[in-house]
Amino acid sequence: MAATMATKSFTTGVDLKGEEGSISRGSIEVCRLMAPDDANIAGNVHGGTTLKVIEEAGLILATRHCNKNNAGNRPAYGTLARVERTDFLQPLYIGEVAEVHVHLGYASKHSVEVMAFLWAENLTTGSRRLTNRASMWYVPVITGSGGKRIIPEVPAIEYAGQEEEERGKERYLKQKRARQDKEEHLKKIQPLFVTDKASLMEYRTSTGAVSHCSVLNSQSSLIHSVQPSDCIDNGYVLGGVTMKLMDEVAGIVAFRHCRTNVVTASIDAIDFHAPVKLGHVIHLAGRATFTSSRSMEIEVVVDSKDYVSGIAV
């Protein structure tokens with residue numbers, strides 16, 4: 001079964017199939033047929049695949065908007081900077097069509113918010129289900145001479161009213177504060193990860209056997225070499241590719257701990273602190289940070305390194 005993708009543009013004022021409120025700006029729809037390679041052994045589509053499809057739609061809309069007033073200048077690409085809470089409301093299955101509806105929410109001076117809703121369509125019955133909703137923040141980036149990254153101003157958005165603009169500004173300030181807090185958090189947690197085999201064996205020798213229910217036993221890591229298919233034409237990795245890898249690592253951690261089929265239920269937030277480029281090697285590390293009787297929380301940290309120059313990102 002081959003995966004197919006298509007996009008459709010909407011005009012101003014379109015109401016997106018029951019989402020809260022109507023859209024006061026242009027929006028788009030991205031469709032893709034879910035194939036066996038997109039799902040786990042139980043037939044549920046991977047959360048990472050869902051995230052990748054959502055981000056592709058967000059990238060298209062953000063990039064279009066950021067080039068709205070571009071008159072022959074170098075193109076600006078919408079670069080994913082942050083993903084707000086993402087809810088996985090219902091599972092997505094093989095054979096269903098993922099329909100991602102995205103619209104612009106708010107534009108600050110150097111960033112733009114894209115809101116996404118994913119619907120699953122059953123082709124045989126025509127029924128649709130809302131499976132995911134997310135909010136993403138993009139920053140326009142122009143690659144200048146010598147590879148220098150320039151961040152231009154974002155074109156203004158025409159809001160339906162002052163109240164809508166004020167709500168958007170409140171969301172912008174909230175995510176800005178959360179992003180700053182996350183940077184401080186990252187400085188504190190790095191020593192808590194023991195991901196390489198040599199360090200783990202040394203830890204086991206000094207502390208004795210590690211229980212299969214322990215954080216150390218279930219934590220996992222993944223190394224990925226960035227290929228052309230992972231990047232947009234400016235040589236930078238798509239945010240959706242990184243999110244898909246993060247979900248894979250989180251899924252492995254959860255599976256190791258639970259020893260049964262697991263699915264992604266929600267994502268609190270994802271922050272992108274630095275760009276990853278073609279030729280870099282990505283190292284992802286995940287560990288369990290909390291468990292309840294029905295769910296568990298997984299934290300994933302991503303590092304990137306250019307092994308040609310030896311510079312870590």
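Mentor: The accessible surface of the protein comes to about 16400 Å², and carbon and sulfur atoms hold 53% of it; such areas come from the Shrake-Rupley method with a 1.4 Å probe, and for residues only the protein chains shown count as cover. This is a predicted model, in which local features need pLDDT of at least 70 and side-chain atom pairs count only at pLDDT 80 or more, while totals for chains, interfaces and linings use all residues. Residues are numbered from 1 along each chain as its sequence is written, and side-chain values use heavy atoms, with hydrogens and water left out.

The protein has 313 residues, of which 47% count as buried. Buried means under 20% relative accessible area, exposed means over 50%, and partly exposed lies in between (1.4 Å probe, protein chains only). The secondary structure comprises 5 helices and 14 strands, where helices (H or I, at least four residues) and strands (E, at least two) are DSSP runs numbered from the N terminus. Among contacts between residues at least 6 apart in sequence, 70% join residues at least 24 apart; a contact means heavy atoms within 4.5 Å.

The whole structure contains 16 salt bridges, each being a side-chain nitrogen of Lys or Arg within 4 Å of a carboxyl oxygen of Asp or Glu. One of them pairs Arg-133 with Asp-87, with the closest N and O atoms 3.6 Å apart. This pair links distant parts of the chain, as Arg-133 belongs to strand S7 (residues 128-143) and Asp-87 to strand S4 (residues 86-88), 46 residues apart. Arg-133 is partly exposed at a relative accessible area of 38%, whereas Asp-87 is buried at 16%.

A further salt bridge joins Glu-153 and Lys-109, whose closest N and O atoms are 3.8 Å apart. Glu-153 sits in the loop between strand S8 (149-150) and helix H2 (162-189), and Lys-109 in the loop between strand S5 (97-107) and strand S6 (112-121), so the pair ties together parts that are 44 residues apart in sequence. Both Glu-153 and Lys-109 are exposed.

Arg-128 and Glu-121 also meet through their side chains in a salt bridge (3.5 Å, N to O). Arg-128 is partly exposed, at 39% relative accessibility, and Glu-121 is buried, at 14%. Glu-121 is also touched by Ser-127, which is in contact with Ala-120 and Asn-122 as well, not counting residues up to four places away in sequence. Ser-127 lies in the loop between S6 and S7 and is partly exposed at 37% relative accessibility. Its side chain makes a polar contact with the side chain of Thr-125 (2.9 Å); a polar contact is a pair of N or O atoms within 3.5 Å, where within protein one must be able to donate a hydrogen and the other to accept it, and residues adjacent in sequence count only if both atoms are side-chain atoms.

Elsewhere, salt bridges form a network that links Arg-82, Glu-84, Arg-179 and Asp-271.

For a view of the interior, consider helix H1: 17 of its 20 residues are buried, so H1 is largely enclosed by the rest of the structure. In the loop between strand S2 (27-33) and helix H1 (47-66) lies Asn-44, which is buried at a relative accessible area of 13%. Leaving aside neighbours within four places in sequence, the contacts of Asn-44 include Asp-38, Pro-91, Tyr-93 and Asn-261.
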